[in-house]
Number of protein chains: 2
Amino acid sequence: MRETSAEEGRTTVADAMDDAPRRRARSRPPGRVTVADVARAAEVSTASVSRVLNNHDRVGEALRRRVMDASERLGYLPDATARALASDRSRTIGAIVPTLENQSFAICVDGLQRRLEAAGYTLLLANSGYDPDKESRAVKELIGRGVDGLMLVGALRDPKVYDLLRGKGVPFVNTLTLTDDVRRPCVGFDNRAAARRLADYLLDLGHREFGVIAGVTRDNDRAMARLAGVRDALTARGLALPQERLIERPYKIGEGQYGLRALLVCQRRPTAVVCGNDVLAFGALIEARAAGISVPEQLSITGFDDADFAAHLNPPLTTVRVPLDDIGARAGDFLVARIEGRAAPVINEVPSSLIVRGSTGVPPAP
Amino acid sequence: MRETSAEEGRTTVADAMDDAPRRRARSRPPGRVTVADVARAAEVSTASVSRVLNNHDRVGEALRRRVMDASERLGYLPDATARALASDRSRTIGAIVPTLENQSFAICVDGLQRRLEAAGYTLLLANSGYDPDKESRAVKELIGRGVDGLMLVGALRDPKVYDLLRGKGVPFVNTLTLTDDVRRPCVGFDNRAAARRLADYLLDLGHREFGVIAGVTRDNDRAMARLAGVRDALTARGLALPQERLIERPYKIGEGQYGLRALLVCQRRPTAVVCGNDVLAFGALIEARAAGISVPEQLSITGFDDADFAAHLNPPLTTVRVPLDDIGARAGDFLVARIEGRAAPVINEVPSSLIVRGSTGVPPAP
DNA sequence: TTGAAAGCGTTACCAG
DNA sequence: CTGGTAACGCTTTCAA
């Protein structure tokens with residue numbers, strides 16, 4: 001494959017320098033309209049303006065009209081900051097995900113955001129980069145920002161973070177994982193059980209020699225659980241996963257290629273390779289082809305997540321479907337319910353399902 | 001391809017109901033520590049506490065230590081809301097993208113967010129769903145939230161939005177596009193020129209019969225520009241794109257398949273198909289294979305964006321590389337600079353480059 | 001260098 | 001049902 005860089009494009013063109021000094025604090029553009037202005041224009045009190053704007057009951061129809069009129073006329077835009085300070089509710093919800101480059105999280109956040117928008121909340125987003133310390137800092141930061149609720153990924157983190165959350169009384173929800181601790185609400189699925197189901201399927205096909213290209217398990221309970229699930233299945237049949245047939249790699253296509261390459265030089269070659277997610281499986285599939293190994297005839301390969309491309313690979317990928325969009329949406333539902341004082345189920349399991357496609361089959365004859 | 005749903009998973013398990021009423025306004029958990037508390041503990045004024053916490057110069061060393069100590073001891077966490085109200089700066093930046101499901105935007109936002117984090121800003125995220133009205137509403141919403149700056153995608157929108165932005169004095173930047181209007185800062189590349197370059201490359205190979213599977217151009221200046229670029233190249237050589245060989249489709253793999261299917265039944269089959277992005281090209285590639293058409297021998301196919309999978313398709317995809325991560329980061333740089341009153345180039349071009357891989361070649365002999 | 005006090009724009013309590 | 005008026009927690013003049 002040749003990659004010809006045909007043009008590099010000027011790196012930076014300073015066609016013009018924008019040098020306008022920032023609007024100085026305390027001297028805003030004239031545009032700013034406040035409740036006081038509206039109140040004056042409508043000849044009512046600021047209290048009434050506030051009540052009208054927040055759809056309080058017990059407001060006279062005449063007064064309501066006057067306020068609405070004045071508000072429209074002046075082009076009033078409420079100041080969410082002041083509102084938050086006064087009401088101690090920001091109508092803001094935070095989300096911390098490892099990275100948006102992993103499409104799973106992007107889709108999950110998208111689902112969350114859509115639901116929040118519908119409910120009148122705005123999303124504050126932070127990335128942890130799979131680093132617990134960074135996640136802790138992000139939690140503090142977002143709490144400081146006054147978020148009314150917080151969406152997290154996974155359940156594995158410093159207990160101090162949970163303490164902080166409880167101490168500040170900030171509703172939160174763990175996602176993409178399923179635990180039974182009612183003090184840690186979650187919406188997700190059982191990664192371990194799903195992985196076990198997948199491995200059992202392969203075992204039922206007759207596979208005995210397994211290889212695993214897992215995600216990096218350090219600080220990642222989802223990746224750990226998936227690996228544990230595979231081990232569960234093997235152990236139940238008296239099998240084990242040799243150390244040399246377990247590879248841990250970041251979720252990148254190239255890493256999947258690397259992983260399979262490593263597995264192919266093992267003493268005993270696996271007949272089935274379970275990958276931590278579809279991206280790794282994508283890479284493994286590519287490498288198998290490059291090595292002249294036919295899938296699934298000589299080697300079965302599985303993924304996890306059912307990404308958009310999974311069904312379109314060659315051969316199509318056997319994987320586990322996870323309703324990421326729905327997880328985000330339900331996390332939003334949960335948080336909004338809790339924030340608004342409504343009851344909500346604490347442990348929310350979403351369905352995951354084994355999707356059998358062409359990348360898996362019976363093992364080759366010995 | 002068979003897709004066997006092996007297990008559906010219980011849809012909702014209300015293992016426990018969390019019914020704790022929301023912390024009532026005006027009665028927070030005891031945890032809340034304010035500057036006043038710190039001031040009292042350190043036996044100084046709140047003004048001094050504020051100065052220390054904001055690294056003001058002109059603060060005595062002794063006083064600084066006392067404040068820091070007290071602050072640590074009490075576990076003080078600044079209230080960003082109050083801070084924003086008092087200082088008229090929220091240290092918050094908004095971003096509005098069509099959707100995070102499109103990996104391009106996700107990566108761009110990721111790049112932005114990383115840069116913002118480093119600069120001490122937090123990201124407020126909204127989605128427009130490719131709908132200008134929704135985008136306008138999001139702009140208002142985020143301005144109301146007091147964002148110090150705003151990242152937008154593309155440059156095509158109601159002039160009123162620009163007026164609003166100027167009126168409120170909120171710095172903003174358009175991304176993934178390049179214009180020469182110094183009143184509308186941008187960081188991106190020339191989609192039209194890049195697409196033209198791509199089409200020229202195909203023309204140079206000898207192609208004369210083109211097909212295009214564009215993204216939906218309505219309200220999307222990037223998609224429009226890419227299409228225009230292809231037309232530019234054709235026109236320059238006295239060629240035209242017949243209406244029936246132009247398909248517009250959302251950025252989904254399945255839509256790319258649909259697109260190619262439609263092109264294959266044209267009166268004159270194209271020998272080269274230019275796709276609006278890599279996702280559409282992915283689909284086109286799949287469909288070509290399904291139709292028994294070999295790429296690139298019988299048909300050349302190109303993408304746009306150089307997504308992570310592009311180099312790994314079969315054959316690898318000829319496309320245009322765009323530094324999405326960098327665009328996000330530089331958008332962040334620009335906004336932060338403007339917010340902090342520093343000069344910054346208004347028109348920022350990032351390099352895009354033609355990446356020639358195996359999906360393109362000379363047209364088949366007639 | 002430090003302190004006192006006046007806001008920032010909104011909400012919510014308390015009277016009427 | 002409506003109006004006055006304290007907060008909300010912090011920053012930032014203005015004086016000392």
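Residues are numbered from 1 along each chain as its sequence is written, while chains are lettered from A and ligands numbered from 1 in the order in which they are written. In this predicted model, local features need pLDDT of at least 70, side-chain atom pairs count only at pLDDT 80 or more, and totals for chains, interfaces and linings use all residues.

**Confidence**

The average for chain A is 91, and 92% of the residues score at least 70. Next select residues 1-28 of chain A, where pLDDT stays under 50. Where pLDDT is low, the predicted coordinates should not be read in detail.

**The DNA strands**

Select DNA strand D and the 30 residues that surround it (C-beta atom, placed from the backbone, within 6 Å of the strand). A:Ala47, A:Arg58, A:Gly60, B:Ala47 and B:Ala86 are the closest. Among the elements giving two or more residues to this surface are α3 (61-74) of chain A and α2 (46-53) of chain B; helices are DSSP runs (H or I, at least four residues), numbered from the N terminus.

Move to DNA strand C, also with 30 residues around it, of which A:Ala47, A:Ala86, B:Ala47, B:Arg58 and B:Gly60 come nearest. Here α4(A) supplies the largest share, 5 residues. Among the other elements with at least two residues on this surface are α1 (35-42) of chain A and α3 (61-74) of chain B.

**The nonpolar core**

The largest nonpolar core holds 186 residues. Such a core is a set of buried Ala, Val, Leu, Ile, Met, Phe, Trp, Tyr and Cys residues joined through C-beta atoms within 7 Å; buried means 20 or more other C-beta atoms within 10 Å of the residue's own, with C-beta atoms placed from the backbone. Select B:Val273, one of the members that touch the most others. Beyond four places in sequence, B:Val273 touches residues including B:Ile213, B:Leu260 and B:Ile301 (C-beta atoms, placed from the backbone, within 7 Å).

Select α12 of chain A, residues 324-339, which reaches 23 Å from its first C-alpha to its last. Because 13 of its 16 residues are buried, α12(A) is largely enclosed by the rest of the structure. Just after α12(A), A:Gly341 has a positive phi of about 75°.

Finish at B:Arg231, in helix α9 (residues 221-236) of chain B. B:Arg231 is buried, with 20 other C-beta atoms within 10 Å. B:Arg196 lies 35 residues from B:Arg231 in sequence and 7.6 Å from B:Arg231 in space, C-alpha to C-alpha.

Terms used
pLDDT = per-residue confidence, 0-100. Contact = placed C-beta atoms within 7 Å. Buried ≥ 20, exposed ≤ 12 C-beta atoms within 10 Å, placed from the backbone. Expected span 1.5 Å × (residues − 1).
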